[in-house]
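Let's take a look at the pockets of this protein and at what lines them.

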Amino acid sequence: MSHVPWREAYRQATERPPPGAKARVWRAMAAPPRGDGRRWWAPAFAAAMATGALLVLALWPKPVTGSALGDGYALFARGATYSVEGRQVSLRRGRLAVSVWGAPLRVDAGGQRVEVESAVAVFEMAGEQMRVLPVDGVVLVEGARVRATSVSRTAAGDVGPLLALEPAEAPLSRAEVVAAAAVEAGAWDEAVAAYALVAASTSLRAEVALLKRGELELRQLSAPARARATFDEAASRFPTGALALERSLSALEAAAALSDWSDVDRRAQAFEATFPASERLAEVRRARALALYALHQVDAACRVAQHLRQPVPFSPQCPADER
């Protein structure tokens with residue numbers, strides 16, 4: 001390049017291509033190779049083979065076939081024969097795993113009808129026999145409730161790929177359905193355990209779950225100490241939550257059930273300071289008056305009781321102007 005000025009070399013290198021050059025290049029690339037008429041069919045053959053392979057893959061049974069069901073998923077194992085229509089699955093052969101956390105899913109197999117309300121379950125169809133294995137939650141087999149057990153979970157095998165498809169809120173939705181069903185059936189321990197799962201989450205649902213769990217512990221399990229601890233956990237995590245008033249009243253009731261009168265007095269004062277316009281204020285003041293009397297603070301109890309419309313049992317002991 002020593003005999004060519006560098007500016008001229010730059011001009012030649014960057015000069016615009018002649019008109020029509022790009023069109024000629026594209027035509028040359030699209031034309032079949034010259035001098036070998038036997039190779040023109042190679043691209044067409046490759047394309048045909050690729051299309052055929054896609055069709056085979058689409059029709060051939062896969063190790064796992066997935067189907068989204070709105071608020072649920074279904075995974076069919078290799079060789080399964082089935083059909084899906086809306087929120088109804090018909091399983092004729094093979095293995096099916098489903099997870100549902102909202103609207104119910106109906107599964108028909110072997111002449112049986114199963115309603116999956118909010119659960120994870122595995123279905124195995126062999127011949128005319130169907131086996132239902134709940135992994136989490138409750139399913140209805142011909143109207144009979146079948147709950148998940150350690151045996152059914154073990155027999156169902158790995159459902160990790162199915163659970164990996166779910167949104168984070170799905171297990172919480174299932175737990176709420178299980179809890180509500182357990183309450184309806186009077187299975188208090190099961191309901192408390194389900195609400196505990198929701199309460200342990202970082203979801204806003206946790207505040208509601210903590211209140212419901214504490215109410216069950218207080219009223220159904222007769223465990224006021226556990227209930228008070230649950231209410232206090234809720235107050236710590238949701239100090240300005242929407243359920244603060246109801247939670248404060250329930251915690252006060254739990255303290256009274258424990259005969260912890262100092263705690264009743266403290267909680268009643270805190271309630272009055274926080275909710276001075278509450279319709280429940282009168283009953284809170286009454287609880288405080290009774291607590292003070294139990295603590296042998298009769299004068300203080302009488303001063304609180306004088307603001308009540310209904311007399312308290314110890315009213316005769318109060319001065320006339322404080323009755």
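A pocket here is an open set of points on a 1 Å grid over the protein atoms alone, where a 1.4 Å probe fits, with protein on both sides within 12 Å along at least five of seven lines; lining residues have an atom within 4 Å of a point.

This is a predicted model, where local features need pLDDT of at least 70, side-chain atom pairs count only at pLDDT 80 or more, and totals for chains, interfaces and linings use all residues. Residues are numbered from 1 along each chain as its sequence is written, and side-chain values use heavy atoms, with hydrogens and water left out.

Back to that second largest pocket: domain 1 (64-165) and domain 2 (170-322) each give its lining at least three residues, with bounds from an automatic or database domain assignment.

As for the largest pocket, 14residues line it, and Ala-235, Ala-244, Ser-248, Arg-267 and Ala-270 are the closest to its centre. Helix 11 gives the most to this lining, five residues.

| Pocket | Volume | Lining by class |
|---|---|---|
| Largest | About 290 Å³ | eight nonpolar, two polar, four charged |

Note on methods
Points joined across faces, edges and corners; volume = space filled by probe spheres on them. Helix = DSSP H or I, 4+ residues; strand = E, 2+ residues; numbered from the N terminus. Nonpolar A, V, L, I, M, F, W, Y, C, P; charged D, E, K, R; others polar.
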